[in-house]
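Subject: Structure handover

Hello,

Here is the structure for you to look through. My notes follow below it.

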Amino acid sequence: MRIQSSALVHLGFGKYVRSDQVTAVIPIEEERGPGRRTFIHLQGQTDPIVASRAEDSIVRDLVQEPREVTQSRQQQEILHDLLMDLSNVNPTVRRIVRDEGGLDLERLEQRIREVVEE
């Protein structure tokens with residue numbers, strides 16, 4: 001498990017904290033109710049913040065990769081697979097696809113290579 005660096009975590013009711021500043025997530029045992037689910041302790045502060053979300057959902061947000069990172073990784077994998085498949089297309093098929101279909105596989109392959117190597 002790895003804490004995301006500098007990601008904002010929603011605590012409920014418009015409260016957000018930076019994930020790398022959270023030092024403890026403690027469920028509220030007494031006087032728990034609407035708007036009072038979890039104590040969030042932050043680095044450099046003595047008093048905890050009261051969160052309206054449950055501790056398990058906050059912890060999940062603290063350690064989960066942002067959706068954009070996951071999507072980017074998946075897109076990179078798809079591009080890599082496509083690049084490998086394109087490299088197996090023989091020159092005759094490439095010529096036919098370019099001349100008859102208007103799709104330049106060599107140009108497409110080069111663009112994908114540029115994106116994957118960045």
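The protein chain splits into domain 1, residues 8-63, and domain 2, residues 67-117. Please keep in mind that this is a predicted model. The C-alpha centres of domain 1 and domain 2 are 45 Å apart.

**Overall form**

Start with the order of elements. The protein chain has four helices and five strands. Read from the N terminus, the elements go β-β-β-β-β-α-α-α-α.

Next, the dimensions. The C-alpha trace spans about 75 × 25 × 20 Å along its principal axes. The radius of gyration of the protein chain is 24 Å, whereas a compact globule of 118 residues would have one near 13 Å.

Of the 118 residues, 21% count as buried. The protein chain exposes about 8,600 Å², and carbon and sulfur atoms supply 49% of that area. Take the contacts with a separation of 6 or more: residues 24 or more positions apart account for 33% of them.

**Around Ser-57**

Ser-57 sits in helix α1, which covers residues 55-63. Is Ser-57 buried or exposed? Ser-57 counts as buried, because its relative accessibility is 12% and the cut-off for buried is under 20%. The side chain of Ser-57 makes a polar contact of 3.5 Å with the side chain of Arg-53.

Arg-53 has another partner. The side chains of Arg-53 and Asp-61 form a salt bridge, at 2.8 Å from N to O. Asp-61 is partly exposed, with a relative accessible area of 25%.

Ser-57 and Asn-88 are 31 residues apart along the chain, and their C-alpha atoms are separated by 46 Å.

**Helix α3 and its ends**

Helix α3 runs over residues 91-101. At its start, a side-chain oxygen of Asn-90 comes to within 3.0 Å of the backbone nitrogen of Thr-92. After α3 comes Gly-102, with a positive phi near 75 degrees.

Arg-98 and Asp-99 also pair up. Their side chains meet in a salt bridge, 3.3 Å from N to O. Arg-98 is partly exposed, with a relative accessible area of 36%. Asp-99 is partly exposed as well, at 48% relative accessibility.

How many salt bridges does the structure hold? There are seven salt bridges in the structure. Those of Asp-61 with Arg-53 and Asp-99 with Arg-98 came up above.

Arg-111 forms a salt bridge with Glu-114, with the closest N and O atoms 3.2 Å apart. What separates Arg-111 and Glu-114 along helix α4? Arg-111 and Glu-114 are three residues apart in helix α4 (residues 105-117), so about one helical turn lies between them. An α-helix has 3.6 residues a turn, so residues three or four places apart point the same way. Arg-111 is partly exposed, with a relative accessible area of 47%. Glu-114 is partly exposed too, at 36% relative accessibility.

There is also a network. Salt bridges link Arg-94, Glu-109 and Arg-113 in it.

**Where to begin**

Then go to the network of Arg-94, Glu-109 and Arg-113.

Best wishes

Key: Residues are numbered from 1 along each chain as its sequence is written. This is a predicted model: local features need pLDDT of at least 70, side-chain atom pairs count only at pLDDT 80 or more; totals for chains, interfaces and linings use all residues. Side-chain values use heavy atoms; hydrogens and water are left out. Helices (H or I, at least four residues) and strands (E, at least two) are DSSP runs, numbered from the N terminus. Buried means under 20% relative accessible area, exposed over 50%, partly exposed in between (1.4 Å probe, protein chains only). A polar contact is a pair of N or O atoms within 3.5 Å; within protein, one must be able to donate a hydrogen and the other to accept it, and residues adjacent in sequence count only if both atoms are side-chain atoms. Domain bounds come from an automatic or database domain assignment. A salt bridge is a side-chain nitrogen of Lys or Arg within 4 Å of a carboxyl oxygen of Asp or Glu. The radius of gyration is taken over C-alpha atoms; the globule rule is 2.2 Å times the number of residues to the power 0.38. Contact means heavy atoms within 4.5 Å. Accessible areas come from the Shrake-Rupley method with a 1.4 Å probe; for residues, only the protein chains shown count as cover.
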